[in-house]
Amino acid sequence: MSDSTKRPRRRGAALEEAILRAAADELAGSGYAGFTMDRVAARAGTNKNALYRRWPNRLALGVAAYRLLAATVRPPDTGDLREDALEMLRRANRHWSSPLGMILRELMAAAGGATGLLAHLPEQSTDTTAATWLTILGRAVARGEAAPEALHPRVATVAMVLLRDEFVVRGVPTAPDDVLVEIVDEVFLPLVRGRGGAAGS
């Protein structure tokens, strides 16, 4: 008996979930370079038309599949702003250096200037990144380590932007820990502490 006769016909959300899971498996197994609509359709047990009705091209599907693979990161809460910032950068560095991080970099390269599409990637969403770092900064403000003026999205995300540039602009496979320490000690903390005067000094 063939798969088509054994498998019940799926529609709507059930079919979309099956396609996304198949796409995530393909992406994890082959990376974006080996990611094709044909292979996803075959794995999901459907046809390419079902994919194209939901995602206009393989990049859009790849981004959606990556979102399924990427875990939501909860901000650390060590009780110290410097340690929280370093832990966030170390987590990001491990992720960007991992096989999943390689997929992320492939997707970013393929997307080029498609900022609207890139915004769907968890690590590239300005709102998501800012919210996480603003949580860390908010705790620091509550502890008296920083002034309320430090609670600005551009201030909050500067460390992550600098780390991302190490991978995207400089093309490093991983960032040495001393680079992460430098980003925090030489840029992030002075910027935070410079907002509102002597707070955190």
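Asn93 lies in helix 6, which covers residues 81-97. Helices here are DSSP runs of H or I with at least four residues, strands are runs of E with at least two, and both are numbered from the N terminus. The model is predicted: local features need pLDDT of at least 70, side-chain atom pairs count only at pLDDT 80 or more, and totals for chains, interfaces and linings use all residues. Residues are numbered from 1 along each chain as its sequence is written, and side-chain values use heavy atoms, with hydrogens and water left out.

- Asn93 counts as buried because its relative accessibility is 8%.
- Buried means under 20% relative accessible area, exposed means over 50%, and partly exposed lies in between (1.4 Å probe, protein chains only).
- The side chain of Asn93 makes a polar contact with the side chain of Thr174, at 3.5 Å.
- The Asn93 side chain also reaches the backbone oxygen of Ala175, at 2.8 Å.
- A polar contact is a pair of N or O atoms within 3.5 Å; within protein, one must be able to donate a hydrogen and the other to accept it, and residues adjacent in sequence count only if both atoms are side-chain atoms.
- Leaving aside neighbours within four places in sequence, Asn93 is in contact with Leu163, Phe167, Thr174, Ala175 and Leu180.
- Contact means heavy atoms within 4.5 Å.
- His95 is also placed in helix 6.
- His95 has 18% relative accessibility, so the residue counts as buried.
- His95 and Thr174 are 79 residues apart in sequence, yet 9.5 Å apart in space, C-alpha to C-alpha.

**Overall fold**

- The chain has 11 helices and zero strands.
- Of its 201 residues, 40% count as buried.
- Among contacts with a separation of 6 or more, 66% join residues 24 or more positions apart.
- The chain exposes about 10600 Å², and carbon and sulfur atoms supply 52% of that area.
- Accessible areas come from the Shrake-Rupley method with a 1.4 Å probe; for residues, only the protein chains shown count as cover.

**Nonpolar core**

- The largest nonpolar core has 59 residues.
- Such a core is a set of buried Ala, Val, Leu, Ile, Met, Phe, Trp, Tyr and Cys residues joined through side-chain atoms within 4.5 Å.
- Ile19, Leu61, Leu89, Trp133, Leu163 and Phe188 have the most contacts inside this core.
- Beyond its neighbours within four places in sequence, Trp133 is in contact with Ala85, Met88, Leu89, Ala156, Ala159, Met160 and Phe188.

**Helix 5**

- Helix 5 (residues 58-69) has 12 residues and reaches 16 Å from its first C-alpha to its last, close to the 16 Å expected at 1.5 Å a residue.
- The expected span is 1.5 Å times one less than the number of residues in the helix.
- Asn57 caps the N-terminal end of helix 5, with a side-chain oxygen 3.2 Å from the backbone nitrogen of Leu59.
- Buried residues of helix 5 are Leu59, Ala60, Leu61, Gly62, Val63, Ala64, Ala65 and Tyr66.
- Leu69 lies in helix 5 and counts as partly exposed, at 29% relative accessibility.
- Leaving aside neighbours within four places in sequence, Leu69 is in contact with Ala24, Leu27, Ala28 and Leu100.
- Leu69 and Ala23 are 46 residues apart in sequence and 9.9 Å apart in space, C-alpha to C-alpha.

**Helix 7**

- Helix 7 (residues 99-111) has 13 residues and reaches 19 Å from its first C-alpha to its last, close to the 18 Å expected at 1.5 Å a residue.
- Gly101, Ile103, Leu104, Arg105, Leu107, Met108 and Ala111 are buried in helix 7.
- Gly112 follows helix 7 and has a positive phi, near 60°.

- Arg143 lies in helix 9 (residues 126-143) and is partly exposed, with a relative accessible area of 33%.
- Not counting residues up to four places away in sequence, Arg143 touches Asp77, Gly79, Asp80, Leu81 and Asp84.
- Leu162 lies in helix 10 (residues 153-168) and is partly exposed, with a relative accessible area of 29%.
- Leaving aside neighbours within four places in sequence, Leu162 is in contact with Ile183 and Val187.

**Database annotation**

- An unreviewed UniProt entry places the feature "DNA-binding region" at residues 36-55.
- UniProt positions are given in the numbering used here, feature names are shortened, and annotations may be inferred rather than shown by experiment.
- The end C-alpha atoms of residues 36-55 lie 13 Å apart, and the span is 65% helix and 0% strand.
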